[in-house]
Structure formats: structure tokens, C-alpha cells
Amino acid sequence: MKRKNLLGTVLLGIVAVCFVLTAGCTGSDGGASPSEDKSISIGYVLWDSEISSTNVLKQAFEGAGYTVEITAVDAAPLYQGLAAGNFDCTVSSWLPATHKTYMETYGDSIVMVGKNLEGAKIGLVVPAYVTIDSIEQLNSVSEQFDGTIVGIEPGAGIMSATETAIADYGLDYELIYSSSAGMASALRKAINEEKWVVVTGWTPHWMFARWDLKYLDDPKGAYGGEEYIATLARAGLEQDKPEAYAILERFHWTTADMESVMLDIENGTPVDDAAKRWVDEHQDQVDAWIGKA
């Protein structure tokens, strides 16, 4: 009888230990995995458009409880960083043409999340008062433009496309490397003095809201057709941080949305304040991105 009682006690003890261990492993939710790490790192290029989109997305993520780190880099390091896992994501990929070479090099190591803005475009831009309408006409009026095209940073996709355009059209022009801000400054100065100027331009951009501008026709297709801006992620982000990845999948806005933030910044509003103003005025849209709607 004593042996039976002893055996029963041992068995009950084993069952109790197993119950405690099982409860400790599964928690109160019956086996769900713990919440994901609430941090996200975003890389972006220093174009006015991408400054706007990245800072708006940063505030959206913060509204969802994330700690957000944003890092500005040139295009090549952006794609290198994503491929190496140094950034979680970017919303600064211009495709299919502008960043084509980077996708050809790094695309196999990067995840395409989706399009976040459609109807984008790149090309050569002039004030509307300029009397030519096509890249093919540039050589005939090169003196009017001082034989120069004002560009942005070396390595930007639009600069590579412009080098292609110069070759394809046989343009007798020098491509001036500058920055996004430098290009806009040269455009402003020329317009204020009612002079001719040709710059590398893209849509969305606040300059189209500020001035009357036009793209020069590109019959040879050096700049490609209509573009879209894509969201890219590092490999493994969807598995590591599914909630964050879902926010990236839902992030999508319009040219008008982006240009309103850009114009605020151009008018002197600090970047954080301009992004917050847009978020506050579009809270329903932001809630839909972060899954609160």
C-alpha cells in the first residue's frame, strides 16, 4: 500500500512539473510567439520627394509604437545596404528605369514589397517660356542654355539617364553635377532673371507646384516611360517583423500628397513639422497604413 502511494505521489509530481514547464513555454495565449521587435530602420536618398515620404512614414511607424531610425545615403549605398541587411527597408526606389542598374545588381538580394506611388516621371525640364519642346532641338539653341544641363548628385539614376540622353541625341552639352538643392537653386535663379535653363527634373517635385515648367519631349526614350516609386525590404524582414512588413505593404499615397509635404518644406517648414501636418490632416489614411482603421 505504501509503495502504491509513493508511486502515485511521484507520478503526480511529474505531471505537475510538466504542467509548469508547458505553461511557462506557451504563456497565456496558448502558444503564440512573442511580439516582434518594435524598431525599424529606413534608408533613403536625399531627393525632396524621398525626404517627404520617408519622414511621413517615420511618423506613421512611430504612431504604431515603433522606434524609427532613418538614414540618408546615395543611391548605390542604399541598395548595397539593403542587400547586406543594414537597412530594413526603403520607400525610395524609382523604377523601372531610374534605378534599373541597381536592381540588376542587387535585386536578387532585396524583396520588392510593392508600389507606394504611381505616375512618377523623370526627364529634362525647362521653364514654360522656353520656346523649344524636344530634346532633339537642344543643339540648335545651345547658346541660350550656355551649353549646360544642370543635374544633381553623381550616381543618381537620373544622371545616368541624362548621360545616355546626351549620347543618344548627340548633344553638345556639359552635364553639371550638383545636388537636388543646387539644381532647384539654379532653376530659381534663371526664372527670376527670365533666362533659359535646362535641368534634370522629376515628378513628384515641389518645383512643378511653384513654377510653370515643362518636360522636353524624349522621342528616343532615353528616360523611359512612366515610373513608379517602390517600397523595398531586406531579405527576412517579413519573417522577422511581420507587423512592420504589413505596414510597408499598405503604405501608398499620391503625387498631390507628396508634393504638398515637399512644398511645405520648401516654404521653410521644418521637415518633422511638415510631415506631422500631413499626418494630422490625413489621420484616417495613416490609420489604414498602420492597421488601426
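This is a predicted model: local features need pLDDT of at least 70, side-chain atom pairs count only at pLDDT 80 or more; totals for chains, interfaces and linings use all residues.

Biologist: Why is Phe87 called buried?

Modeller: The term buried requires a relative accessible area under 20%. Phe87 has a value of 9% and is therefore buried. This residue is found in the loop between helix 3 (75-84) and strand 3 (89-95).

Biologist: Which residues does Phe87 touch, leaving aside those up to four places away in sequence?

Modeller: Among them are Ser41, Gly43, Thr71, Val73, Pro77, Leu78 and Arg234.

Biologist: What makes Leu95 a buried residue?

Modeller: The relative accessible area of Leu95 is 4%; the cut-off is under 20%, so Leu95 qualifies as buried. Leu95 lies in strand 3 and touches Lys100, Met103, Met112, Glu227, Tyr228 and Ala230, with residues up to four places away in sequence not counted.

Biologist: How do you know on which side of helix 11 its buried residues lie?

Modeller: The buried residues of helix 11 (residues 271-281) are Ala274, Ala275, Trp278 and Val279. They cover an arc of only 135° around the axis, so they lie on the same side of helix 11.

Biologist: What covers the buried residues of helix 11?

Modeller: The cover includes helix 2 (48-63), helix 10 (255-266) and helix 12 (283-290).

Biologist: Why are helix 2 and helix 10 described as roughly perpendicular?

Modeller: These two helices pack at an angle of about 105°, and their axes are 9 Å apart. Angles of 65 to 115 degrees count as roughly perpendicular, and helix 2 and helix 10 are therefore given that description.

Biologist: Which residues make that contact, and how do they divide by class?

Modeller: Helix 2 contributes Asp48, Ser49, Ile51, Ser52, Ser53 and Val56, while helix 10 contributes Met258, Val261, Met262 and Ile265. By class, the contact has 6 nonpolar, 3 polar and 1 charged residues.

Terms used. Residues are numbered from 1 along each chain as its sequence is written. Side-chain values use heavy atoms; hydrogens and water are left out. Helices (H or I, at least four residues) and strands (E, at least two) are DSSP runs, numbered from the N terminus. Buried means under 20% relative accessible area, exposed over 50%, partly exposed in between (1.4 Å probe, protein chains only). Contact means heavy atoms within 4.5 Å. The arc is that of the directions from the helix axis to the C-beta atoms. Axes are lines fitted to C-alpha atoms, for helices over the stretch in contact, and angles run from 0 to 180 degrees between N-to-C directions. Angles under 35 degrees count as roughly parallel, over 145 as roughly antiparallel, 65 to 115 as roughly perpendicular and the rest as oblique. Ala, Val, Leu, Ile, Met, Phe, Trp, Tyr, Cys and Pro count as nonpolar, Asp, Glu, Lys and Arg as charged, and the others, Gly among them, as polar.
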